[in-house]
Amino acid sequence: MNFINQCENCILDNTVEDISFNEKGVCNYCEGYHDRKSKHSYSKADLKTLVQRVKKPDQKYDCIVGISGGLDSSYLLHKAKQLGLNPLAVHCDSGWNSETASHNIEILTKKLNVDLYTYVVDWEEFKSLQKAYLKAGVIDLEFPTDHVYLAALFFAADKYNIKTIFTGNNLWSEGIMPDCWIHNKGDSLNMTDIYKKQSKLKVLRHLPVLGLKRKFYYYNICRIKNIFLLNYLNYDRSAALKELQDVYNWQQHVTKHGETIYTRFYHRYILPKRFNIDIRKAHLSSLICCGQITKDEALNQLSQEIYPTEVMEADKKYILKKLDITEAEFGSMMNMKRVSHTAYRSETRLKIIYNRLRTLPLGFNYLLNISNHC
Ligand SMILES: [Zn+2]
């Protein structure tokens, strides 16, 4: 039977492969969200302590703020300055910035008088990596963007000797994301193996990669921390949008994560058409769980057009041309059978071993710190 069974609380339903429901009809993702939210609830005193710890009056910069031009990271930069921090804004340019993203980054850094460091990725290699992911048949085609973006922030932190990175990740608007829709973004082994097997060049030579040695170096030798500052704040997306528009003439994107053209095409075209996934269900469910919208409002937003046809067609044409892919090649990629990320080499197994070792009282936690964020 093919009926839709939807969570009593959020709008996730049984189109999510690994969803389950408790006796009240509430899904495992809502339960997980509330567990994580209680673990990451911070008081004003916690925020004050964090800011005091991060401040480095004797150095040029206290921290790095990763900025994409999207709402979360733009608001993050705005708040970091309001909190009295002196950040270096770091942007990773992977070649897919929308005009609004570039406008937002420029106007924000200028008005806030914040230095901007832009890490421009090697386009030919990045293009080859994105094509390798399309050929691989795996679901997380955003992995290269997310991984390289984070690696570029660590690269910049090391270059400028900065110990704190703030990224726009947050529980408020991103607290719910089904595990089967993404792959662990730290799994560089998976990325390098996909590249090895699905590209002609085989080895990544120019892109920043957070391999195990690099992670050990950044986390344990340099002691760089990646902190999700928005979790410390009462981050309300609608209020943040209004504030940024009023103060900076900040421009709204056509979609969430519309700051990069490839990302919005992946979210709004590839995921629904190839994998039968509407990622808005996850984003809207996060907002329901943190009380920023009601379920009815979420369902209303979900009923609206996912991707304006004109924008979609223009994006598709642009992307295929930029990646040197024909319509026919893209069509066959869209019809491929889904391949699991774990069909390629993966750090997932290593992580299980590490997590077991962490329980030993021998200081392994420090030595094996491979995923330091909080
Ligand atoms: Zn739910």
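**View 1. P308 sits in the loop between helix 13 (295–302) and helix 14 (309–322).** Helices (H or I, at least four residues) and strands (E, at least two) are DSSP runs, numbered from the N terminus. P308 is partly exposed, with 13 other C-beta atoms within 10 Å. On this scale, a residue is buried if 20 or more other C-beta atoms lie within 10 Å of its own, exposed if 12 or fewer, and partly exposed in between, with C-beta atoms placed from the backbone. R268 is 40 residues from P308 along the chain, and their C-alpha atoms are separated by 9.6 Å. This is a predicted model, in which local features need pLDDT of at least 70 and side-chain atom pairs count only at pLDDT 80 or more, while totals for chains, interfaces and linings use all residues. Residues are numbered from 1 along each chain as its sequence is written.

**View 2. An open sheet holds five strands in the order 3-2-1-4-5, with parallel pairing.** Strand 3 (116–120) and strand 5 (225–227) stand at the edges with a single partner strand each, so one side of each has no neighbour in the sheet. Neighbouring strands are turned by 30° against each other on average, direction ignored. Two strands count as paired if DSSP finds at least two bridges between them. Four bridges link strand 1 (residues 63–66) and strand 2 (residues 87–93); I64 has L88 as its bridge partner in strand 2, and G66 has V90. Strand 2 and strand 3 are joined by five bridges, and C92 is partnered by Y119 in strand 3.

**View 3. Helix 3 (residues 71–82) packs on the sheet and touches strand 1, strand 2 and strand 4 (164–166).** The direction of helix 3 makes about 150° with that of strand 1; axes are lines fitted to C-alpha atoms, for helices over the stretch in contact, and angles run from 0 to 180 degrees between N-to-C directions. Strand 1, helix 3 and strand 2 make a right-handed β-α-β unit, meaning that, with the strands pointing away from the viewer, the path from the first strand over the helix to the second runs clockwise. A80 is in helix 3 and is buried, with 23 other C-beta atoms within 10 Å. Leaving aside neighbours within four places in sequence, A80 is in contact (C-beta atoms, placed from the backbone, within 7 Å) with C63, V65, L85, P87, F166 and L229.

**View 4. I64 is among the residues with the most contacts inside the largest nonpolar core, which has 86 residues.** Such a core is a set of buried Ala, Val, Leu, Ile, Met, Phe, Trp, Tyr and Cys residues joined through C-beta atoms within 7 Å. Helix 6 (residues 143–159) lies across strand 1, strand 2, strand 3 and strand 4, at about 140° to strand 2. Not counting residues up to four places away in sequence, I64 touches residues including L153, A156 and A157.

**View 5. Helix 12 (residues 280–289) is largely enclosed by the rest of the structure, because ten of its ten residues are buried.** The cover over these residues includes helix 1 (28–39), helix 7 (171–174), helix 10 (237–248) and helix 13. Just after helix 12, G291 takes a positive phi of about 80°.

Conventions:
Two residues are in contact if their C-beta atoms, placed from the backbone, lie within 7 Å.
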